[in-house]
Amino acid sequence: MSLFDGMLGNTLELTPEAYEDLAARFLIPGEELLKGYRIVRDLFIFTSKRIMIINYQGFTGKRTEYLMIPYRSITRYVLETPGNLDVEYTLKLYLIGSLEPVERQFRNTIDPYELEALISRFVLE
């Protein structure tokens, strides 16, 4: 990812090597890494059991929030596609016991329908 991509907030699909060391510390036996995306400096990682959102906070990014969302806790999800002048689409995940959704915006540099199919695969099981 170039500095220019990061400044624009582009979403990039990552190779497993780019996130497997970081994600491996959270995996349980039998859990597999499936896909990873970088949104500016944050990571969005899909496994066979959950979605990991790694949010680097602050100016230096040293403070980090690790949000783990098991697929079984997702009650519904919404994918808002961009309009004519928009360049981002929004993914909203509604979780059991939470009034507000977990919401992330992605640039349309990746296929939103592939992302939706990945979530559906596990939520609808």
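The model is a predicted one. From the N terminus on, the order of elements is α-β-α-β-β-β-β-β-β-β-α.

Overall dimensions next. The C-alpha trace spans about 35 × 35 × 25 Å along its principal axes. For 125 residues, a compact globule would have a radius of gyration near 14 Å, and the protein has 14 Å, so the two agree. Of the 125 residues, 38% count as buried. The exposed surface comes to about 7600 Å², and carbon and sulfur atoms supply 52% of it. Now take contacts between residues at least 6 apart in sequence: 37% of these join residues at least 24 apart.

Now the sheet. What is the strand order in the open sheet of 3 strands? The order is S6-S7-S8, and the pairing is antiparallel. Strand S6, residues 74-80, and strand S8 stand at the edges with a single partner strand each, so one side of each has no neighbour in the sheet. From one strand to the next, the twist averages 15°. As background, strands of a sheet pair through backbone hydrogen bonds, either parallel or antiparallel.

Between S6 and S7 there are 6 bridges, in the antiparallel sense. To pick out a bridge on the screen, find Leu-79, whose partner in S7 is Leu-91. Helix H3 lies across S6, S7 and S8, and runs at about 170° to S6.

Is Thr-90 buried or exposed? Its relative accessibility is 8%, and the cut-off for buried is under 20%, so Thr-90 counts as buried. Beyond its neighbours up to four places away in sequence, Thr-90 touches Val-78, Leu-79 and Glu-80, and also Glu-103, Arg-104 and Gln-105.

How many residues does the largest nonpolar core have? This core has 21 residues, and those with the most contacts inside it are Phe-44, Phe-46, Ile-51, Ile-69, Ile-74, Leu-93 and Phe-106. The elements giving two or more residues to this core are strands S2 (33-39), S3 (42-47), S4 (50-57), S7 and S8 (102-107), together with helix H3 (112-123). H3 gives the most, with 5 residues.

Setting aside neighbours within four places in sequence, Phe-44 is in contact with Lys-35, Gly-36, Tyr-37, Ile-39, Ile-51, Met-52, Ile-53, Leu-91, Arg-104 and Phe-106.

At 0% relative accessibility, Ala-23 counts as buried. Not counting residues up to four places away in sequence, Ala-23 touches Leu-33, Ile-45 and Met-52. Ala-23 and Gly-36 are 13 residues apart in sequence, with their C-alpha atoms 9.9 Å apart in space.

For contrast, go to Arg-63. This residue is in strand S5, residues 63-70. From Arg-63 to Leu-115 it is 52 residues in sequence and 27 Å in space, C-alpha to C-alpha.

Where is Val-40 found? Val-40 is in the loop between S2 and S3. Its phi is positive, about 55°, although Val-40 is not a glycine. With 39% relative accessibility, Val-40 counts as partly exposed.

Terms used
Residues are numbered from 1 along each chain as its sequence is written. This is a predicted model: local features need pLDDT of at least 70, side-chain atom pairs count only at pLDDT 80 or more; totals for chains, interfaces and linings use all residues. Side-chain values use heavy atoms; hydrogens and water are left out. Buried means under 20% relative accessible area, exposed over 50%, partly exposed in between (1.4 Å probe, protein chains only). Contact means heavy atoms within 4.5 Å. Helices (H or I, at least four residues) and strands (E, at least two) are DSSP runs, numbered from the N terminus. A nonpolar core is a set of buried Ala, Val, Leu, Ile, Met, Phe, Trp, Tyr and Cys residues joined through side-chain atoms within 4.5 Å. Two strands pair if DSSP finds at least two bridges between them. Axes are lines fitted to C-alpha atoms, for helices over the stretch in contact, and angles run from 0 to 180 degrees between N-to-C directions. The radius of gyration is taken over C-alpha atoms; the globule rule is 2.2 Å times the number of residues to the power 0.38. Accessible areas come from the Shrake-Rupley method with a 1.4 Å probe; for residues, only the protein chains shown count as cover.
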